[in-house]
Each structure stands twice: as structure tokens, then as C-alpha cells.
Amino acid sequence: MDIDDTMSSEMGSAPLPDETEIPDVLPLMAVRDVVIFNYMIIPLFVGRPASVGAVNDALTRDKLLFLVAQKDAAVDEPQPDDMYKMGMVCMIMRTLKLPDGRLKVLVQALSKARIKKFTQTSPHYIARIETIEETAVEELTVEMEALMRNVREQTEKIMSLKGILSSELMVILNNIEDPGRLSDLVVTNLHLKTSESQMVLEIVDPVERLKMVSELLQKELEVSAVQAKIQSDAKEEMGRSQREYYLREQLHALKKELGDIDDKAQEIEELRQKFVKARMPALVKEEGLKQVKRLDMMHPDASEANTIRTYVDWLLDVPWQKGTTDRLDLKTAKKVLDEDHYGLNKVKERILEYLAVRKLNKSSKGPILCFVGPPGVGKTSLGKSIARAMGRKFYRISLGGMRDEAEIRGHRRTYIGAMPGRIIQGLKMVQANNPVFMMDEIDKVGADYRGDPSSALLEVLDPEQNFSFSDHYLNLPYDLSKVMFITTANMNDTIPRPLMDRMEVIRLAGYSLEEKMVIAKRYLLPRQLKENGISEKHIKLDDKTLERIISYYTREAGLRNLEREIGKVCRKVARRIAEGGKGPYTISSRTLSRYLGPPKCLPESETETIDQPGMATGLAWTEVGGEILYVEVSILKGKGNLTMTGHLGDVMKESAQAALTFCRSRQGDLRLNEKYFEEVDIHVHVPAGAIPKDGPSAGVTMATALYSALLRKKVKKNIAMTGEITLRGRVLPIGGLKEKALAALRAGIRTVIIPEQNKNDLIEIPKPLREKMKFVPVKNMDQILKLVF
């Protein structure tokens, strides 16, 4: 149910805003269960549509809002007769939109006012009001002094009986010399009924108002005294359990005198000795001994005893100063890395550099690396290999879908079931303060009302801060600078920029056909033979067959599907062996379809689809690597419309518009009449319409396809291109060149047109791949047109 309610209120020394002129007409909002008095600062939760509308209306004006109390709090849609006529003009100081759609509004009361007339009742109330000036007390009489002192004493007695007496509030009460302000403050803190508070509000004379408050206080004092007596009687009943506690403690003391073993004392002493002998910082040791002392003073059945015991166990289990010794032999480390992974020279070089620095400087901080690449290229397995090469423990967590900040920093111990965050849990699991700590899927971290985990990771992944990482559960600084953090992501666009700046990004683009062949023979095939219970004597798989599996049954940057297909072949052979066959079974290109079915990918045939004008081959980058992108253009009689299909994004549509403008600027070269583009409709289509496509790098492909259609001349086969186009025909640089080159190679395309400014990126492409392909750098569209026609 939507509510308008209050959470807390403040009064006293808060300054009023500058002299605010109050208009005659203001938005009106009804509030439930609260009457607002002068000088109050109070937060309100606003949920009803009419109330939200009144707040929004006030914000668009001068932030002034007229608040009146409802007579019946149960009414959800109050009518004018359901509200009191006198209320308070308030200034909106702050607003906050809550996740459930409500507003939290902080208001400050400025002046009393009375409703003269409702000028609007829907969608929210607007009323014409009359402000009420309060009568000022020029001089305090003896009667007034006595009345004010009586009100202060009554208030102190009531709050003392209720157990809510505050010295700060009493100081404020004693310092107030104005009868009106004193009565308002007392009524606010007594939580009277709404009708009684409204009755006080409507008394304009401050002295009369104070007399009314005194009468209400006397009545409340009598009620509070009866309530205190009832609580006292209840406390006597509770005394029985207290007596049992004292008797139990005396029994423990008697057992100790008689020489019986006191299990609790023995346990406490063991914990104390563990802290004395443990290798941990002095601050942690001091906190641990303090908690053991608290535990010793508590009864074992006390609810907090279990909480403290769990906390003490965590302090003892966390490896504060316990770590593994790094293997600093660079040759051995390189050998281990080469054994586990083929290629990936850039990553291996970075790890060996770190080990070299570590060998020369023992106190160097651990690097924070981020492996970015398509699925299946070996990001996670590379982390395990790094840990093995360095002789460190390895721990992995997945951040995908994580939405709660407490997953990183832990919960505070005040919560039931509180635990440390995943970082401290992982360190406890490996029992070392310097493991290789891998965080997978950092690009898929979420955020909601419980916090933003990516913001919590800023402290973890910052070498300048993580030496004193504070977990909410431990509430003690922990040094993470010795940990080697490795994160993985499929793309870096969704990683927050501040987090990205703290990491050293290493891109893993994917593998070429030759690299996949080596990896399949060296790693994938032996692993699948072992998992399926067969050996090399049962199956024969030559290079030609393996190449056919890669080219005709998989199309990926990584190796996951390739391993699945190899596993599928091995399982079918294993079944034959289990049924009594002896083997060996030879898998050839001719018999491969019996094991894997018809080919799933036909890369060679795709390059032969460009057989008429208006078609061009482009290259695209996706989360799973590079892809071939075909652009088709048809020109029909029409009225100058441009149609774009194929599930294109806004950036790609803009590229098509830029390509059309470029072609129109070359109308003379194309030998078209001046009204040609007004008499035709142009349709640009990118096949695979169910797949969303976006990005600027298809600009030159669209321009080439459009130019081809207008010229009625086919584009050369076996040429792919990538680059962003401008209206003047300049070709701008793009990203993901290596992934796009691998995609072209998988499709059998050997010539790739690239922007001139991407020439330096060719260094990132392996030499064998560069030798197989021809990369043609261009500066403008004119160069492309000469190459493709």
C-alpha cells in the first residue's frame, strides 16, 4: 500500500532559509500519522500518485509545499473533508527516488497556514492559503516562567520513565525561552495522537498553547507511570532466568575448586595460546585476545557467544602472514608455461618479466592483469598455468551476475549469518596470502540497491590501496599487495572506466588454423582420449582430417567447439570398442561425416557468393571473435528512400547514410543524371537478420557495395575490408584487427583492406598469419574502389 509517513524529525538549531516569500497558491499534500510544527526538519516517504504529483509540482515552482494532516490515516485517497484545515508551509530541501518507486523527501517547516479554498483536486491538490503570523511574547511573566519550568520537568519525567531521556534534548529544552517553540518541540517528541497534536497546532497564542501542552503532559505522565509499573512487574518474572544463570556460574566455580575439568576454561586458554603463537599483525593479535576475553566473560548459551566464537575462528584461520615461496627460476617457469599452452607469447612474456623483477626486488607488488578475449581461448586455464609456473596456490571466483557489494567486502557482524567476502574466503581456502587470484567475467558484474560490486573492487584491484583492504566482517586491515590478481572478460566495453584504469589489459584474440592444429594434437586429442577411456592404438586421426574438423565443423575464435567435436568422435569410437570391436579405427575426410554428420560450416563457399553488383564482404568484431559480414544493396525505382534491414544498430545506420552521401558526391564519376537519386529507392541489407549488428567499421563495406550497385559492376572476390568512412571518403581506424584477420582467414579470404592508421596494429598479428595474408592499407575510398573493381 502506498504510504506517506515520517521516519524521524529534528528541531532546534536548524537555520531557516533566507526570507522566503510564500505565495497564496501552493501544491498541497496530505500526510498520515504526523502533525508538522514550526522549525521541524522531517523526512517523508511519498508513495501515493497525488502526493508524488504535488511534490513534483512544488519542485518545478519554488520548492514550497503545503502539508496538512489527515483525520483518518486509513483513507488512501483523502478528499478535502478528510483533511485538517490548518497545516504548515514547508520548503523541500532534498529528494531521493527509492528503488520501489517512492520518493524520500526532506522538508523544513516555515510557517503556519490555513486553507481558504481548493483550486485544484486532480491529479493532485492545489490550495489557496492564508499564512498565520504567530503572536510574539515580548516579556516573560512569573506565571509563564513557572509554566515553562513545569513543562520541562514533566517532559523529563516522561522520557525518563520511557527510557528515552537524552541529555542533548534536555539542554535544548532548557535553552529555549520562547513558550511557542518550547510547546512545539515537546509535542513533537512525545508522539501524541494526531488529533491531540493538531489541536495544539491550531492554538495560535503561544501561552495558551503551552497551557494545553502542560495538560497533555500531565495525562501522559500518569499513563507512563502505569506503563513503568507493568514493565517492572514483567522484569521480576524475568529475574528467575537471571537467578538460574548465577547458580550455574556458582556451580562452575564449585567444580573448579573440586578439581573437575572446566571445558570452557580449557577452550579459552587454547584460543589464547593460538593467538600468542600465531603469525599475524600486532593489531589483529590484540583484537583477537580482546574477543577471547569477552568470550570468557560470557555464558556459553548467550546468543552473542556463538557470534564471537565464529569471529575468533576466522581471525585464526585467515593467513595473515603465511604464504608460499615463489619459484624464481625463469627457465623452469617458461618450460611450465610452454607445456600448458601453445602460443600466447605476450602473456608468457609478461609473467616472466614479473618473475624477473620479483627475483631482483623481493618486495615488489603483485601485478593486476586483465585477460580480454573471446570464450574458449584459454583465459581461465592460463591463470592455473601461471600459478603452477610460479609455484603459487590458485583460487578462482566468478563475478558474473554478482550484484551485492557484500560479496566482495563481506557483511557486518551485526547481521545474522554474517560472513567475510569472497576475497577473504578464498585466502582462507588456499591458506596463503600470495596466491594467484582469478576473477572471471569481470565484464558481467551487476549492480542494484544492495550496492555496486565493481566499486568495491576498486579497492581490491588498486595496488596503492589494497595493502590495507578492509573486510566489513573482519573490520581489520588485510594486506592484498602480495596477491597476484588476474581478471577475465569477453569485452571491455562494459567494465567501468575507473576499474579498467587499475588493470593491465592483455588481449587474447584467438587462434589461427595452424595454431588450432597444434593445440588439438598436443592437448585436446590426448585429453579426450583419456576422458573416454581409449588410447592412440584405438583411433587414427591424421592432420587432413583434423583440419577438416576445424574448417567444416567449427567457426570460433577459441577451442571449445573443436574439443566437443573431437570428443564426439572419441565417444563413438569408445562405443565400438565397448561393443567388442578391436580397432584401430581410421577417421578420414571421407568417413568423418559418419561420426559428426554433415558439415556445419562451409567457409570456402561463402566467398563465392559475391557474383553480382551491389555485394561486398566486410569484417566485424564480436564478443566471440571476428566474423565475416556481407552487405547487399539493391536499387529499385522509387522516390529517393533509403531502407536498411538486417537488425542494424544506430551507428551502423549512420554509416549507411554516410556511404550514401559519399556516393552522391561522386555522381559525376558514376555518370548519373542529377535527379537519379530522387527517382530510385535504395535498399541496404546485411544478412543474418536475427542477429543485432552495430559499429562503425562496416562503413567502407557499405560504401563499396553501394558504389558497385550504382556502377553495375561486380566487386572482386576474395577481398574483405574494414574501416569507418567519412562524408569526404576518408577511411578512419578501427579496433579488433587481429580477430577480423582470423575471421577472413577462416573464410578463405587472403586479401584484407585496412585503414592506413591501423598499419601499426599489424605487429600484433603473428608472423605466420601475416605471411599468409595480404593487408592493404588505404587512406580514402578512392584507393579502395581502384582495388576492388
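Why does Cys90 count as buried? Cys90 counts as buried because its relative accessibility is 0%, where buried means under 20% relative accessible area, exposed over 50% and partly exposed in between (1.4 Å probe, protein chains only). Cys370 also counts as buried because its relative accessibility is 0%. A search of the whole structure finds zero disulfides, a disulfide being a pair of cysteine sulfur atoms within 2.5 Å.

This is a predicted model, in which local features need pLDDT of at least 70 and side-chain atom pairs count only at pLDDT 80 or more, while totals for chains, interfaces and linings use all residues. Residues are numbered from 1 along each chain as its sequence is written, and side-chain values use heavy atoms, with hydrogens and water left out.

**The nonpolar core**

A nonpolar core is a set of buried Ala, Val, Leu, Ile, Met, Phe, Trp, Tyr and Cys residues joined through side-chain atoms within 4.5 Å. The largest such core holds 51 residues, of which Phe371, Ile386, Met484, Leu508, Leu562 and Ile566 touch the most other members. Helix α17 (residues 513-531) gives the largest share of this core, seven residues; helices (H or I, at least four residues) and strands (E, at least two) are DSSP runs numbered from the N terminus. Beyond its neighbours within four places in sequence, Ile566 is in contact with Ala520, Leu524, Leu525, Gln528 and Leu546, contact meaning heavy atoms within 4.5 Å.

**Cavities and pockets**

On a 1 Å grid over the protein atoms alone, a cavity is a set of points where a 1.4 Å probe fits but cannot get out, and a pocket is an open set with protein on both sides within 12 Å along at least five of seven lines; lining residues have an atom within 4 Å of a point. Grid points are joined across faces, edges and corners, and a volume is the space filled by probe spheres set on the points. The whole structure has three cavities of 30 Å³ or more.

| Space | Volume | Elements each supplying at least two lining residues |
|---|---|---|
| Largest cavity | about 60 Å³ | β4 (64-69), β5 (86-97), α5 (194-201) |
| Second largest pocket | about 720 Å³ | α12 (379-390), α17, α19 (560-578) |

Among the residues lining the largest cavity are Val31, Leu67, Met88 and Gln198. The second largest pocket has 26 lining residues, with His341, Val377, Gly378, Ser381 and Arg527 nearest its centre. Helix α12 provides the largest share of this pocket's lining, six residues.
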